[in-house]
Amino acid sequence: MLAAILLWQTGAFAQAPKPAGTQQGQGRPNMPQIGHLYGKLVDAKTGKPIEYASVTLLKQRDSSLITGMLTKPNGDFSLENLPFGPMILRVNFMGYTNLQKKVQITPQTTEQDLGNIKLTQNVKTLQSVEVTGQKSAFTMGIDKKVFNVDRNLSSVGGTAQDVLKNVPSVNIDLDGNVTVRNAAPTIFVDGKPSTLTLDQIPADAIESVELVTNPSAKYDAEGMSGILNIVLKKNRKAGFNGAVNAGIGTGNKYNGGGNINIRQGKFNVFANYNINANRNWADGTTDRSNYRNNAAADTNYLFQNSNSTSKPMFQFGRFGVDYMLDNRNTISVAQNIVAGDFKNTEDLLSTFSDKTHTITGKSDRLNNNKFSFRNYTTTLSFKHTFAQPNKEWTADINYNKSSNSRNGDYLTQAQNPMGTPLGQAMLQNNTSDGKTTFMTFQTDYTNPVGKNGKLEVGAKATIRDYTSAYNVFDKDTITGTFVPNPLLSNHYKYNEEIYAGYANFANTIGNFGYQAGLRVEQYVYAGENEGTKYKPTKAVPGLYPSLFLSEKLKHDQELQLNYSRRVNRPNFFQLIPYRDYSDPQNQREGNPNLKPEYTNSFEFSYVKNWGNSNFLGSIYFRNTNNMISTISTPIGADTLLTQYINANRSNSYGAELTMKNQIIKGWDVTSNVNLYQTDMKVNTNGHNFNNNGFSWFAKINSETRLPANFTFQVNATYQAPTIALPSSGGGGGGGRGGGGGGGFNQIPSSAQGTIKGFSTVDVALKKDFLKNKAASVTLSLSDVFNTRQYELNQVSPEFAQDYIRKRESRILKLNFSYRFGKFDASLFKKKKRDQGSDTQMGDPMQSF
């Protein structure tokens, strides 16, 4: 059905009407005035700066004044709070020829550096520069796609998980594990690795999501299906502005927060805070048949039923300052503080049966635990832009420190077939403490070459230290004291270092464009558990080339062909040979012999733009060697052990179609379909089998603008049945931060399984009111039909298992937000009204 809709849209969107109210030569109505033009005036002959020259900005339509200023002693000028649309920049100074430049502010080009503008003496010249661009649901670069998610209503008051559920191409499971084209990407926050999980990032703090399905050598080589970068909001509007928001949801869910930004002169100060308390529940069942010795006479059965609740509270704070030394040099400092506290409970009932399905016994395990974490991130950045357009140098230092602790009790009661307790219950206490230090150092330099060429070089160092102590104590039923259990306890630490450098060169010849790059990464790893050390990996540099080719066609069309080599390195939890007994019937164990998996990724794309409509079609092929997967084997009468292995290979290929179209005036639809085939071959430790299958994934986002400032959105997702592929261990940023009560609460995945299909529909209605739509109320309902759940079916000669997991997903939320702000320079004591070099002409009380 979705494919039919896409085909119908393809034939229909050529006649799509233009946005109402938009005319040639005019900016868009009701759009914020956030444009910023800056540059420097210099003498064309001597190169010296020209001070106190008049710089004014006029409307192109009628030459009426918008704003203006006098250049500073160093020749700098900066014009802010500019509306969208075409304008004329006029420069006048006694003894020099007057100069005019055509400029245009669009949603995509709000910040523009006009470079060094040269004025000539006694020579009449007229130069013209025009910058254009249009905002769309997604934009295509030669190696990056950007999805604008700031208008998504169903995620208001939620987390990054809620945002990503509605981003085209992205799929997210019940535990927050993210896949793109059926493989796990590497997740960044503001272009940097992060120890935060998705449910620790408020949706209201996110500006956009960047998806790089086949990254160039500029990006980290980690991640099978590319890079997913979550860009946080950062305001640079002049004056002061901000917003407050609050919300409530069914099932004891609350959220609130606010942000404020102040910019005056050379300083931009910003801060925001969000709190989120979303109580939720989960339940699930495991139905397993164990075939001992492959004989029917030895068959037994296990049925598990789990009910759990979680009471999390997240707090997210962020503040920072940008200091503009001048128009081309900026120093930024930012601090993130994130905290989380959880109270989790679980009741896991296990029922054991013999070959005739006669119940032979039961075990009821109650788990209560408290978990908390603290996460601090400090970022120091420097950016220098040169007078030559597109030439810049950046340097960044990122320091992250986090800690977590857990304290919980397991109470296990054996029962007879009727459910009557047998003997005294076994009480077990567990405590854990973990600490992480994570640092990155990065510098990048971009230099234009010739008319269209560009050279990019950079270096990066990543250093991570992690320590954890997990202690388990069993209560002695006679003395009442707690005795350490060394079998279940562990104390481990590891150090991981990655040193990288890259070079990219891009150029165009007519309509043909190319980009070639090479990244070199040196990976060093060492770890130990309970005093047993694991030797560091050999520091052998890995080479990761990339190649991008593009051809621009007539009628705003473009073809792209690209290739890159990727790596996914096993993490410590996959390597450590510690066996997790938290659920005695479902044990897990690491594998110290795991190897990194390497992926060769190819992609061919076609993009077409029709006015406000966009179409992107891609076919891709991904070959992975030594793919990290899991296998499950029975041990004992009723226990399943899951271990990490390297599959021989995995091939994945498919086609993805994405399109945004304005069906009729006021109704926009974005559709995404991914059709893919996955083939996996495993031959290790006596296991020899293949797992392959075809599947497809589809997503539709619909937005309708209604009268009286109402907006209605519908987001629908469908995932067809697919073979199970384990989540990547190297991505970071995914998963849940609360932790559950043992192994049952984490979704398993295996090279042996098939995941059943699922569908979900979210709806939301928003009402804007007050002047300039400063206030809004949003009512949203997630998973309208309550159909979102996870089901894994596994079959092997030793066992067959059906695993079903359901989290609370149908949630009704009501959120309110209020935006405020003015450019009011009188708020700042240092403001001098008579100083033309610091004061823009025009209305100083311009609202945002």
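Predicted model: local features only at pLDDT ≥ 70, side-chain atom pairs only at ≥ 80, totals over all residues.

Trainee: How many helices and strands are in the protein chain?
Mentor: The chain has 3 helices and 48 strands.

Trainee: And what share of the residues is buried?
Mentor: Of the 848 residues in the protein chain, 50% are buried. The accessible surface is about 37,800 Å². Carbon and sulfur atoms account for 56% of that surface.

Trainee: What about contacts along the chain?
Mentor: Take contacts between residues at least 6 apart in sequence. Of these, 69% join residues at least 24 apart.

Trainee: Let's do sheets. In which order do the strands of the open sheet with β3 run?
Mentor: The order is β3-β2-β5-β6, and the pairing is antiparallel. That makes 4 strands.

Trainee: Which strands are at the edges?
Mentor: β3 (65-70) and β6 (99-105). Each of them pairs on one side only. From one strand to the next, the twist averages 20°.

Trainee: Over how many bridges do β5 and β6 pair?
Mentor: Over 7 bridges, in the antiparallel sense. Strand β5 covers residues 85-92. For a landmark, find Val91, which stands opposite Leu99 in β6.

Trainee: Moving on. What does β23 pair with?
Mentor: Look at β22 and β24. β22 and β23 (residues 392-415) pair in the antiparallel sense over 24 bridges. Asn368 stands opposite Asp409 in β23. β23 also runs antiparallel to β24 (residues 426-449), with 21 bridges joining them. There, Lys401 has Thr437 in β24 as its bridge partner.

Trainee: What sits between β22 and β23?
Mentor: Their hairpin has 6 residues between the strands. One of the residues to check is Asn390, which takes a positive phi near 70°.

Trainee: Is Asn81 buried or exposed?
Mentor: Buried, because its relative accessibility is 7% and the cut-off is under 20%. Lys773 counts as partly exposed, at 37%.

Trainee: New topic: rings. How many aromatic pairs are there?
Mentor: A search of the whole structure finds 19. Start with Phe314 and Phe373. Their ring centres are 6.1 Å apart and their planes are at 50°, so the pair is tilted.

Trainee: Where in the chain are those two?
Mentor: Phe314 is in strand β20 (residues 299-326) and Phe373 is in strand β22 (residues 359-385). The pair therefore ties together parts that are 59 residues apart in sequence. Both Phe314 and Phe373 are buried.

Trainee: Which charges sit over rings?
Mentor: Here are two to find. The charged end of Lys391 sits over the ring of Phe386, 4.6 Å from its centre. Arg464 lies over the face of Phe438, at 4.2 Å from the ring centre.

Trainee: Last one. I clicked on Ile260. Where is it?
Mentor: Ile260 is in strand β17 (residues 253-264). Ile260 is partly exposed, with a relative accessible area of 38%.

Trainee: What does Ile260 touch?
Mentor: Leaving out residues up to four places away in sequence, Ile260 touches Asn241, Gly242, Val269, Phe270 and Ala271. Check Phe240 as well. The C-alpha atoms of Ile260 and Phe240 are separated by 7.2 Å, and the two residues are 20 apart along the chain.

How values were computed
Residues numbered from 1 in each chain as written. Heavy atoms only, no water. Phe/Tyr/Trp six-rings, centres within 6.5 Å; stacked < 30°, edge-to-face > 60°. Helix = DSSP H or I, 4+ residues; strand = E, 2+ residues; numbered from the N terminus. Buried < 20%, exposed > 50% of the residue type's maximum accessible area, 1.4 Å probe, protein only. Lys NZ or Arg CZ within 6 Å of the ring centre and 35° of its normal. Pairing = 2+ DSSP bridges. Axes fitted to C-alpha atoms, helices over the stretch in contact; angles between N-to-C directions. Contact = heavy atoms within 4.5 Å. Areas by Shrake-Rupley, 256 points an atom, 1.4 Å probe, with all protein chains shown as cover.
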